[in-house]
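Hi everyone, thanks for coming. I'd like to walk you through a structure that may be new to you, so please have a look at the screen.

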Amino acid sequence: MNIKKILSDLGIEKLNEGTSTGAKWLKSTGAELHSYSPVDGKLIATVKQSTAKDYEKVMQKATEAFKTWKMMPAPKRGEIVRQFGDSLRAKKDSLGALVSYEMGKSLQEGLGEVQEMIDICDLAVGLSRQLFGLTIASERPGHRMMEQYHPLGVVGIISAFNFPVAVWSWNTALAWVCGDTCIWKPSEKTPITAIACQKIIGDVLKRNNLPEGISCLVIGDKVIGELLSADTRIPLVSATGSTRMGKEVAMTVAGRLGRSLLELGGNNAIIVTENADLDITLVGAIFGAVGTAGQRCTTTRRLIIHESKYDELKKKLVSGYKQLKIGNPLDTKNHVGPLIDKAAVEMYLDSIKKAEAEGGNVLVKGGVLSGAGYESGCYVKPCVIEAENHFEIVQHETFAPILYIMKYSTLEEAIELQNAVPQGLSSAIMTTNIREAEQFLCAAGSDCGIANVNIGTSGAEIGGAFGGEKETGGGRESGSDAWKVYMRRQTNTVNYSTQLPLAQGIKFDLK
């Protein structure tokens, strides 16, 4: 991995600052932040974190830029996003490799994440000509009613390490075409990919002579996140991460009556019915459980198997897990890369111990890998444990490749088990029976924001709204009508008559 060449290709070979208002980088007195790769444990780069003073400068720039940006016609804003998407296409290989190296996901997944960025730009460009309102019939003669959408303001974005660039772009691409300016606080665990993205959009904005502040970057710890959450000048804070973090953001934002868009934890299950195709079930379950080393919010964490298929699928799982290749994610022959850091490894080991202590039976043993190729100490073995849904550890989301399996007798029981966790992000059912599929999708079925049939829980297309219910936060990003959260809705009534009739037939005569 020639990281120097990658950084050079992305135009960030001289890294110093972690604060930017577009093409301009601000000198900071903040503490240094070192980014180490979980792939080989080597230092990628060191950057200066943003301070409270830096944040204030950025906020002022973003607020000032909003005055100009909101008045630009939406299709013109879409043209800027189109150029950003084209720049991402040109930098896809380098940015994808950096995502893989800094976060630890496979090269294919790193490239796929950049493709998600490109896809959301394409969606946003079309959307820039379709920010539709409504025409509404008025009860009063000579009146017209309508709804229209206006730019909201400065949007704060807090993103997580597991998708270090895609989730930011889901927010910004839509927010930009909606006329908002954005301030991004990326995860402290993946700052270099954020700098690369800011460099790309900064160059686009500079080429188009647009003001500083449309896209801003503030790299720092939770203090910066707290500043974003508490700032009354930010009408919307979009936060992705743990449920604990999301609750703190939600309370702070709600305390000032702002809006929050939350994408938090998932505890996702696949129900395997007696009518399931076990060949596709096996692929969907294993990829869902071990992809990104189990560090997706949509990772498959529970497999709820019909008692008639339980033993057969259990054997297939054990055999399938034996075929997994664990190692450098930049080597496309490997299936599983590292966890993000040593703290994640400790959490993984602790969860296995807790599962065993509660009575879980380990089918595929976990453990930490060491030796040549595993120098970072972040490589672990994907683990499969027979467990009960009510186990305390099963009720929690562990961001690691641990799959819990359990059996059921009736579909009603399976759906109840799936829904009996605090989280409600993604879910799936494997069946060739249309009645079972429809029962899973009906109002009495899955309580998750995403419910799939004959595909796994992970992986989402740009066209659909992404998000979940319960402790997942209720937010929606990406496609469908997710754009509406980035705008303010206004109802208008126009009287074109010579009279002033009042609503509900109220009389108010003056003589």
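Let me start with a question: does Phe-508 count as buried or exposed? At 63% relative accessibility, Phe-508 counts as exposed. Here buried means under 20% relative accessible area, exposed means over 50%, and partly exposed is in between, with a 1.4 Å probe and protein chains only.

A word on what you are looking at. This is a predicted model, in which local features need pLDDT of at least 70 and side-chain atom pairs count only at pLDDT 80 or more, while totals for chains, interfaces and linings use all residues. Residues are numbered from 1 along each chain as its sequence is written, and side-chain values use heavy atoms, with hydrogens and water left out.

Back to Phe-508, which sits in the segment after β22. Together with Leu-500, Leu-502, Ile-506 and Leu-510, Phe-508 forms a nonpolar surface patch with about 590 Å² of accessible area in total. Patches are made of residues with over 30% relative accessible area and no salt bridge; like charges are joined within 9 Å, and nonpolar side chains (Val, Leu, Ile, Met, Phe, Trp, Tyr) within 5 Å. The areas come from the Shrake-Rupley method with a 1.4 Å probe, and for residues only the protein chains shown count as cover.

Lys-24, Lys-53, Lys-57 and Lys-61 gather on the surface as a patch of positive charge. Lys and Arg count as positive and Asp and Glu as negative, leaving out His and the chain ends; a charge is placed at NZ of Lys, CZ of Arg, CG of Asp or CD of Glu. Lys-53 belongs to helix α2, residues 52-69, and is exposed, at 70% relative accessible area.

Now to the strands. Helices (H or I, at least four residues) and strands (E, at least two) are DSSP runs, numbered from the N terminus, and two strands pair if DSSP finds at least two bridges between them. Strand β5, residues 143-151, pairs antiparallel with β4, residues 134-136, over three bridges.

Elsewhere, six strands form an open sheet of mixed pairing, in the order β1-β8-β7-β6-β9-β10. Its edge strands, β1 and β10, each pair on one side only.

Finally, salt bridges: a side-chain nitrogen of Lys or Arg within 4 Å of a carboxyl oxygen of Asp or Glu. The count comes to 22. What does the salt bridge between Lys-314 and Glu-386 tie together? Their closest N and O atoms are 3.3 Å apart. Lys-314 lies in helix α10 and Glu-386 in strand β14, so the pair ties together parts that are 72 residues apart in sequence. Glu-386 is buried, at 16% relative accessibility.

By contrast, Lys-222 and Glu-226 are four residues apart in helix α7, so about one helical turn separates them. The closest N and O atoms of that salt bridge are 3.8 Å apart, and Glu-226 is partly exposed at 44%. There is also a network of salt bridges, linking Glu-79, Arg-82, Asp-86, Arg-89 and Asp-122.
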